[in-house]
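Dear colleague,

Please find below the structure for your review. My notes on its helices and backbone geometry follow it.

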Amino acid sequence: MKLSVPGRATGIAAISIAALLTTSAIADAAPARVAAAPDIPVANVKAHLTQLQSIATANGGNRAHGRAGYKASLDYVKARLDAAGFTTAIQQFTSSGRVGYNLIADWPGGDANQVVMAGSHLDSVSSGAGINDNGSGSAAVLEAALTVSRTQYRPTKHLRFAWWGAEELGMVGSRYYVNSLSTANRARISGYLNFDMIGSPNPGYFVYDDNPAIEKTFKDYFTGIGVPTEIETEGDGRSDHAPFKSAGVPVGGLFTGASNSKTAAQAAKWGGTAGTAFDRCYHSSCDTTSNINDTALNRNSDALAYAVWELSK
């Protein structure tokens with residue numbers, strides 16, 4: 001999740017995103033569309049987090065915009081998607097005198113006039129590895145995309161996944177992407193789902209209340225597993241859904257809390273420790289792989305997949 005002081009993009013240059021593929025050998029060979037989302041193995045999501053931690057450790061302890069750790073993180077995600085049959089494109093921009101990158105991945109097939117997007121920011125702050133903020137969202141989105149490939153899912157709508165750069169400087173990457181779209185292409189996005197900090201160690205279960213249909217989809221999932229939710233307010237307007245929402249795209253998402261403290265009522269409802277921050281390591285060097293609540297990560301990863309499958313049918 002971004003710092004409160006917004007950044008500014010300058011000197012922007014972009015590599016054009018590849019045209020959508022409506023047919024491919026992969027899509028042609030795929031079996032019939034599945035009826036429900038498969039379970040997302042939390043062990044797979046955690047394996048991606050281990051890789052992101054290793055990348056940060058090998059690159060100055062962080063994966064921040066314009067640093068080697070960010071580019072290595074992007075290369076890791078892109079390699080996995082390329083091997084799984086996605087059409088990937090890197091979008092380049094400049095912010096604060098450093099080059100940044102977005103990664104866009106399209107799953108071949110589906111109605112290109114109805115695009116369901118799921119995204120997360122891949123950058124950390126410079127003070128740490130950013131494993132909850134936002135390795136958690138990035139890893140879950142990646143594993144959901146890989147699950148689409150493994151199951152050879154053939155949705156009615158077109159699926160697109162995204163990993164944003166320079167979110168911590170003010171949603172620079174996602175804002176650049178939205179601004180680069182034509183009016184027609186913006187209108188083709190039927191929903192953007194955002195995942196920022198979904199494994200906080202003292203978690204809450206917060207759902208964005210922006211688009212009613214998307215909000216209901218997430219709430220239906222959590223109701224089905226007996227987990228109460230609350231409306232997300234702490235990060236409102238402070239993550240990558242904001243540029244989409246400002247452009248008129250329906251948005252929604254999940255969040256498990258940052259520096260705000262869990263109340264006694266929330267602790268009674270969700271467990272954990274009242275009077276303590278949802279994430280005591282928010283924007284700190286201790287945001288490592290030990291800063292993840294596996295149960296929250298598992299539930300939110302499954303909720304992510306449920307929403308992608310339900311909204312793209």
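Helix α2 (residues 42–58) has 17 residues and should therefore span 24 Å at 1.5 Å a residue, which agrees with the 24 Å between its end C-alpha atoms. The expected span is 1.5 Å times one less than the number of residues; helices (H or I, at least four residues) and strands (E, at least two) are DSSP runs numbered from the N terminus.

This is a predicted model, in which local features need pLDDT of at least 70, side-chain atom pairs count only at pLDDT 80 or more, and totals for chains, interfaces and linings use all residues. Residues are numbered from 1 along each chain as its sequence is written, and side-chain values use heavy atoms, with hydrogens and water left out.

In α2, Val45, His48, Leu49, Leu52, Gln53, Ile55 and Ala56 are buried (under 20% relative accessible area, 1.4 Å probe, protein chains only). They cover an arc of only 160° around the axis, which puts them on the same side of α2; the arc is taken from the directions from the helix axis to the C-beta atoms. On the other side, Ala43, Thr57 and Ala58 are exposed (over 50%). Gly60, with a positive phi near 80°, follows α2.

The buried residues of α2 are covered by elements including α3 (68–83), α4 (131–151) and α10 (294–312) (contact: heavy atoms within 4.5 Å).

The peptide bond from Asp133 to Asn134 is cis, with omega near 5°, and Asn134 is found in α4. Gln152, in the loop between α4 and β4 (157–164), has a positive phi of about 50° although it is not a glycine.

Kind regards
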